[in-house]
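Thanks for asking me to look this one over. Here are my notes, as numbered points to read alongside the model.

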Amino acid sequence: MDFLDKYWNIFIDKAQEELQSFKEQLLILEKELDNADAFNEIFRIAHSLTGMTHVMGYKRMYRLMRKIHEIFWEICNRIHCMEKITINIGWINVLFRVLDSLEKYLDNIINFKDEGTDDNEQIIKDLDYILKSIVFSRFSRKSKKLWGCDRMDVSQYLGIFIDETKEHLQSLNEQLLVLEKEPDNVDTINEIFRAAHSLKGMAGTMGYKRMQRLTHDMENLFSEIRNGKMTVKAELVDVLFRGLDALEKYLDNIINLGDEGTDDNEPIIKDLNRLLKEGMGTAKEDEKATIQSETSASQIEGTNGYKELPLAEHEKKAVIKAYENGMNAFGITVYVQENCLLKAARAFLVFKALDEIGDIIRSQPEVQDIEDEKFAYDFSMVLLTKEELEHVKTVILNVSEIKAAYLVKLDMPESEHKTEEKVQTPQVQNTTETTTTTQTSNNLTSQQSAAAVQAAPAKQAVGKRASTATNGKQQSKPVVNRSVRVDIEKLDDLMNIVSELIIAKNGLVSMANSEGATANQGFNEQIEYLERITTDMHQSVMKVRMVPIESVVNRFPRMIRDLSKKLNKKMELYMTGEDTELDRTVIDEIGDPLMHLLRNAADHGLESNEERVRLGKPEVGSIFLDAYQEGNNVVIEVRDDGCGINVEKVRNKAIERGTITEEQAEGMTDKEIVELLFRPSFSTSEVITDVSGRGVGLDVVKTSIENLGGNIETRTALGEGSNFIIRLPLTLAIIQALMVELGSEKYAIPLGSIETIESVELKDIKHVQTKEVIHLRGSVIPLIRLSTILDVEDVKEDAQELTVVIVKKGDKLAGLVVDNLIGQLEIVIKSIGKYINNVKMISGATILGDGEIALILDVNTLV
Amino acid sequence: MEENTKNQQVINSRQYIVVKIGNEQFGIDIQYVENIVRMQRITRVPKAQNYFKGIINIRGEIIPVMSLRLKFGLRADEITNATRILIIKLEAQSAIGIIVDEVKEVVTLTEEDIDKVSNNDSEVRAQYLSGVGKHGDGLITVLNIAEVIMERDTIQ
């Protein structure tokens, strides 16, 4: 259970936070005993702590939190029903004691990694008392209307719900993929079960019934797998994935419309249940189940849901006596709705209601167990009453969240003399014999096993804890890595301040240089020191903003899997460098372009399986997603071993469509032709897509990458595959740049895109198609006269030698002619605002040491 | 009673910064004016609209500067000792500077002091005006500064 260790720190932080808030709310309540906000907040705290402690396996803490959760659920429920609630001042004291013991548990956990052994029985008892008083006072009002409100106002928890649900769904996606490959991986199954269970609980609390139902059925399956009663099959995983998709749709609906929608996803649920039954084995039972479920699932009228209760001698006597007195004896089995949060409270209400009309002489499980919620979803009892069967039934069904009640009139037990021979049960007056509803019992068994399984790891965990605790006591305290969650805005502010500091430093540096280096040795030393510190600081702040690319790419394996099924091609995605880090702003934007490229690779890049076999390639196609850092850039490659781009076909199509003329096509290299695919006009053409395979939304990909200050390059070999290489800047805020002079103006060229700096003699400039080019180490490089393009006024006369900065975009080179080189500088990129017509060639501005402004050239648009 | 009318006046009145461009006086609502700075070196931005002189650095913030004269289709600015740049901030994060010949004073004008201009004024800059205010002997043309700043390329 290493996830426990992984989340341990988070748990501690979060628990401390919640307890603090709990304390604050209690203090508020102490002053205002009817503060509804405080009730709601405490409910939220209890909810979150219940979940956390449960996951972490802190049983005692969990037990305590659960009680609080129940109490405040009742209270909030009533507030929601417009009742005014004032709580007893004595309860506040109990709650404070709860807080104290929770804090003690937490202390123990921090110090010894174990919650300790104090059960706090007294507090639990007090809480039980409080819960009962609340439930009772509610019942005594007999306002039936109240029961209609089985939902409280949960809107304020929506944000948390959405975040957590997303996390769980993502984790389910990942784990299912693992499970598909390693069906026996116990850790995975446990993790899946945990996620599904939390999802169910959360959906239930929020009142999303459909979502809850679906997760419930999925959870059933998982629990069977976990118990080893079922094996993981491809079909099973498919259905589960469909389930996940449906859940995502629910979540989308919730996010967008505030409601889960009306899609019941019946087919999925049916498939789930079918698989469950199949997995459970016995075909005979299965048949019965289908018949039974048709007849009895819908109607509550059936009497065959009653579970026989063995009666003890004195109970039989009581039954006989009752009949003698003209009373009836009923055997009753009550089924609570499976999504009921407070089973114990409901059961309690049933008992209370029945007590008023008769005597309960026997119950299964015992009353104490029912109160402690130690039952699945049903309980049985024997009732002696004067009322008729129908009336008793209505009484029971009046309690909310009761799914069904099965009543059977008990036979007169055998007389005293014979009972010695047969200590068996009273016979049931039921012709259909003892067949219980198979479906229900199916559900029930799985529920029970689920409960059992739940308990098991908790025990394990506690055991483990205990052993580590004993070790821990001898060793020193465990080291707690504290983490802080910070608003991204605050980080931006910090980054801005660091930027200011760098500008100020640049100012000092330029001053020191201008006043003569020998002027003051100490001053210069301090400046250098300052320079080092600011650079370190800049890097630290940048590191804080860095997020591993994993958070974006972790959804791709699932996507490829689905595409594989959809396209009926076998393919495998290999990812490397998921831990490569990128600036947060880049991370947010890079997901869609990558998805596009991967889809293209799967859809158009890879050939069909038959084709691959024919070509002598491995049947299963491979797609690679590699991320790595290269200097100040992060490179992400999307590669496939498919058919590659057919350049000739693209060329022909481009001519056909009039994108380029035939003459132009002649002069274009293969590379330039491939570039055409990134043109907007190309992407929309279905024809091209059919023939060449590429072109769907590639222009969008290109634009979004360029907006991030990056670029994309294509390499392709016909028959061998294609490779899309994306280069992104590590950060968007501060870069290294080469400062150049044009006339009297200063410009910055990002160092990342500079290849070399050359000195070119005027006579070496050649003309090709009226364009100036130079030959450099075997390649022809076009010259770009920056002064002309940028309308610089006071241009210098052409010297005999030109200073040319060779820049690259992908593997395309260009030479920028500048007047003068100033030097390298760390610059802070600033926007030039939205009012000035955004000149594409200028990507921003920066402030130099002397307060002057230099514009930053965007090499991507120049080349 | 007197107190009341005074309050009323405060509600209905606004303060304006009076600037001079050529011989004409313009009023700019003071709530939008963040700063007034002396003329300083302006960095040209290639291919920008003609009335944008470029960008300046005000305490680390890059601010684009426009010439009101060019925007109104007047003669280009003559930089004198009195020339100022008004830093206008209509919304956070996007300040803009406008060059004026001179900043004169701050005046308080009530609504009654300002006459609405008729819209059929064919002059190019009519859309930038929200009224003409009387102050003492002089007239102050009240600028609709949002309209001035918003990108709407009608003058070429």
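**Notes on the helix pair, the sheet and the interface**

1. Let me start with two helices of chain A: α8(A), residues 186–206, and α9(A), residues 209–226, have axes that come within 9 Å and cross at roughly 155°. Please keep in mind throughout that this is a predicted model.

2. How do α8(A) and α9(A) run, roughly parallel or roughly antiparallel to each other? Angles over 145 degrees count as roughly antiparallel, and the helices cross at roughly 155°, so α8(A) and α9(A) are roughly antiparallel to each other. The crossing in which α8(A) passes α9(A) is left-handed.

3. The residues that α8(A) brings to this contact include I189(A), I192(A), F193(A) and L199(A). From α9(A), the residues that meet α8(A) include M211(A), M218(A), F222(A) and I225(A). By class, the residues of the contact of α8(A) with α9(A) comprise 10 nonpolar, seven polar and three charged.

4. Next, the sheet. In chain A, five strands make an open sheet with mixed pairing, ordered β6-β8-β9-β11-β10. β6(A), residues 571–576, and β10(A), residues 711–717, each have a single partner strand, so each stands at an edge with one side left without a neighbour in the sheet. On average, neighbouring strands of this sheet are turned by 15° against each other, direction ignored.

5. Another is α22(A), residues 584–605, which touches β6(A), β8(A), β9(A) (633–640) and β11(A) (721–729). The direction of α22(A) makes about 20° with that of β9(A).

6. Finally, the interface between the chains: 18 residues of chain B are in contact with 21 residues of chain A. On the side of chain B that touches chain A, at least two residues each come from β4(B) (52–58), β5(B) (61–67) and β7(B) (94–100). β4(B) gives the most to this side, with three residues. Sorted by class, the residues of that side of chain B are nine nonpolar, five polar and four charged.

Key
Residues numbered from 1 in each chain as written. Chains lettered and ligands numbered in written order. Predicted model: local features only at pLDDT ≥ 70, side-chain atom pairs only at ≥ 80, totals over all residues. Contact = placed C-beta atoms within 7 Å. Helix = DSSP H or I, 4+ residues; strand = E, 2+ residues; numbered from the N terminus. Nonpolar A, V, L, I, M, F, W, Y, C, P; charged D, E, K, R; others polar. Pairing = 2+ DSSP bridges. Axes fitted to C-alpha atoms, helices over the stretch in contact; angles between N-to-C directions. Parallel < 35°, antiparallel > 145°, perpendicular 65-115°, else oblique. Left-handed = near helix turned anticlockwise from the far one by under 90°.
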